[in-house]
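Student: Could you take me through a few features of this model, one at a time?

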Amino acid sequence: MATLGPPRPGPVLRGGAGPFDARHQGRTSHGRRRPRARRRRWRDPRPARRRQRDGGPHRDGLRRRGRHARSCHGLRLPSRTCCGRGPGRSREHGGATVSSERVVVVGAGLSGLRAAERLRAAGHVGPITVIGEEPHPPYNRPPLSKELLRGAVTVDKLAFRQRPATEDVEWRLGTRATGVDLDARVVRLADGSTIEYGGLVVATGVRARRLELGCDPSVRHAIRTIEDSERLARNLLPGTRVVVVGAGFIGCEVAATAVGIGCDVTVVEPLDAPLQRAVGEVVGREVQRRHEARGVRFSLGRTIVAVEEAGEHLEVVLDHGNRIAADVVVEAAGSTANVEWLEGQGLDLSDGVLCDGALRPLRDGVPVPGVVALGDVARFPVPGYGTRRVEHWTMPTDMAAHAAASLLAGMAGQPVDTSSGFDPLPTFWSEQYGVRMQSFGVPTLGLDDVRVLEGDLTDEAVVGYFHDDVLVGVVLIGMARRMMEYRTLVSEARTTAAAGPTALAG
């Protein structure tokens, strides 16, 4: 057997006598040239659209192989270098000075979450505190009237994923804001404590509107929270008599879910057709036909004056004296903006919080410094469609980046850019009996001129809404393959509509 001799001496990596002097550096022990190691350039594995949305290392090289940069304050940064200054000071970010004071976000729904994300993405390194009345972290609400109600999903599947950039955000859940002093920059909480802020985000959204029906509210249901949906789901059993008050989107979705479970469902609506306020009578009648084909009954043009307990069941009393026996009553009569905590500060709270185009609340026509509002609670100018609140699920994402930029500029004492072209396209969707109804624009502005643009209403169709012969909205019943085309048409038509926003606001 061969024996191993002493190891051969390794190469000398400096000049000197011997076979491995400086002339042989970069060669193997046999004199062959050692291949030079290629220095591979690190590539961001994220798709291009996600890099544009989140920001990232492809621009400033802060992240390497999944490692996140941190500021000198210990805060996790999305993609920016640190200022080298302590809390409460300012730093340079993209050529502008950004404050690192505390930002308080009141509202822990989707709007609050998106606001925190976009503040970090915009370079804010100061502390962020999110205050939420519900005990849950931000979650997806549309399934409350559909999948969660029929048991198709569980509560744990509703929570939104938290991005790494917001891991250092402080969440104070189960805490309600009861007041604010906009001049002193202090928010008052229900537990008696206060919290100071350098910047404030109003994202308190809306709550379900409750009716005065003269009986214990505990025997009636509304849907806005996880607890609301779970409580109603426990009462929806095959054969249960359900009366739904209101034939808007929530009312129609609850009716569709309940009849699918096997309940006996009646919908009471003061207008002449379901969804008439949102999409008009033409589409509303088709929605009614589809519900009735599955056994839902409608009592249209009627209002409820009382709900009375009659032994083991309830009786719903209508305005013309008729009574409907019920085991479950669901109120789906619209929503109310959560603005009570803002009272006494000189704001216009007649329909949410009136804001300017930069999403800053107005006090006597002047923007309040250091404050923005977004989501369902904000009433702001929508180019082409007038000043309005837009209660659509997609709006918080569209509004958050704009609100964050406005807030940080104001906190740093910089002028706020009001000409940035912020023009979100209102959109909403609903799913009933497996058919998706998708809207773009504001159909309510064109209820006097409704046209079927394509297809058949009884199957799949596209319905257009016109104001002065300008397309202001569309509703697609099915027709998913045509969605982006009609979205583009509505967006392009808005350029014409924007010439007369006052007329369209009516």
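Student: How many of the residues of helix H3 are buried?
Tutor: Keep in mind that this is a predicted model. Helix H3 runs over residues 110–121 and reaches 16 Å from its first C-alpha to its last, close to the 16 Å expected at 1.5 Å a residue. Its buried residues include Leu110, Arg114, Glu117 and Ala121, and the count of buried residues in H3 comes to 12 of 12.

Student: Which residue just after H3 takes a positive phi?
Tutor: Here we look past the end of the helix, where the backbone angle phi is about 105°. The residue that takes this positive value just after H3 is Gly123.

Student: Why do the buried residues of H5 line one face of the helix?
Tutor: In helix H5, which covers residues 226–233, the buried residues are Ile226, Ser229 and Leu232. Seen down the axis of H5, these buried residues line one face because they fall within an arc of 140°.

Student: Which elements do the buried residues of H5 pack against?
Tutor: The buried residues in question are Ile226, Ser229 and Leu232. Their partners are helix H4 (147–150), strand S11 (220–221), helix H6 (249–261) and strand S18 (328–331).

Student: How many disulfides does the structure hold?
Tutor: A disulfide is a covalent bond that joins the sulfur atoms of two cysteines. Cys252 is buried, with a relative accessible area of 2%, and Cys355 also counts as buried at 2% relative accessibility. For the structure as a whole, the number of disulfides is 0.

How values were computed: Residues are numbered from 1 along each chain as its sequence is written. This is a predicted model: local features need pLDDT of at least 70, side-chain atom pairs count only at pLDDT 80 or more; totals for chains, interfaces and linings use all residues. Side-chain values use heavy atoms; hydrogens and water are left out. Helices (H or I, at least four residues) and strands (E, at least two) are DSSP runs, numbered from the N terminus. The expected span of a helix is 1.5 Å times one less than its number of residues. Buried means under 20% relative accessible area, exposed over 50%, partly exposed in between (1.4 Å probe, protein chains only). The arc is that of the directions from the helix axis to the C-beta atoms. Contact means heavy atoms within 4.5 Å. A disulfide is a pair of cysteine sulfur atoms within 2.5 Å.
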